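Here is a short tour of one model, with the cut-offs spelled out along the way. Please have your viewer ready.

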Amino acid sequence: MADISKIEIEGTSYNIKDQGARDLISNIGNDEIIIVGDSYLEGVGTVTPATDNYGYLLMQKMGMTSSNFHIWAEGGSSFTNQGSQGHNWLQIVEARKNEVTKANITKIILCGGYNDINASN
């Protein structure tokens, strides 16, 4: 397993300070993960969005591949807000759930939340 105390994004190294998060990452093993998020996960604003997005970089850092790490992202989406394709996070999962074998999924990670800043419920 690679050193998971740091993650490199666009040439800048960031420390993963949370020991609990580092322990969880170290114990990934045979997990199959869905990560749902917004434009950061989509790679909006990067030179090569398909490989510069946070989800792809995390997948690589965790030693996983697209066969067991599923990145489902839509710019502008969040818990309450619909994104660029008209879905909030629950709707993204509902729309794409048949792309995976449900029994194999061990974790669903929601990555984002800033788009909910003005939400009241």
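The report below covers the model, a sheet with its helices, and one asparagine.

## About the model

This is a predicted model, in which local features need pLDDT of at least 70, side-chain atom pairs count only at pLDDT 80 or more, and totals for chains, interfaces and linings use all residues. Residues are numbered from 1 along each chain as its sequence is written, and side-chain values use heavy atoms, with hydrogens and water left out.

## The sheet

Three strands form an open sheet in the order E4-E3-E5, with parallel pairing. Its edge strands, E4 (69-73) and E5 (107-111), each pair on one side only. On average, neighbouring strands are turned by 20° against each other, direction ignored. Strands here are DSSP E runs of at least two residues, helices H or I runs of at least four, both numbered from the N terminus; two strands pair if DSSP finds at least two bridges between them.

Strand E3 (residues 33-37) is joined to E5 by five bridges. Val36 has Leu110 in E5 as its bridge partner.

## Helices on the sheet

Helix H4 (residues 54-61) lies across E3 and E4 and runs at about 170° to E4. Helix H5 (residues 89-96) touches E3, E4 and E5, at about 125° to E4. Angles run from 0 to 180 degrees between N-to-C directions, with axes fitted to C-alpha atoms, for helices over the stretch in contact; contact means heavy atoms within 4.5 Å.

## Asn53

Asn53 sits in the loop between helix H3 (49-52) and H4. Asn53 counts as buried because its relative accessibility is 5%, where buried means under 20% relative accessible area (1.4 Å probe, protein chains only).

The Asn53 side chain reaches the backbone nitrogen of Gly55 at 3.0 Å, and a polar atom of that side chain lies 3.4 Å from the backbone oxygen of Ala50. Not counting residues up to four places away in sequence, Asn53 touches Tyr40, Leu41, Glu42, Gly43 and Ile71.

Notes: Buried < 20%, exposed > 50% of the residue type's maximum accessible area, 1.4 Å probe, protein only. Polar contact = N/O pair within 3.5 Å; in protein donor to acceptor, adjacent residues only side chain to side chain.
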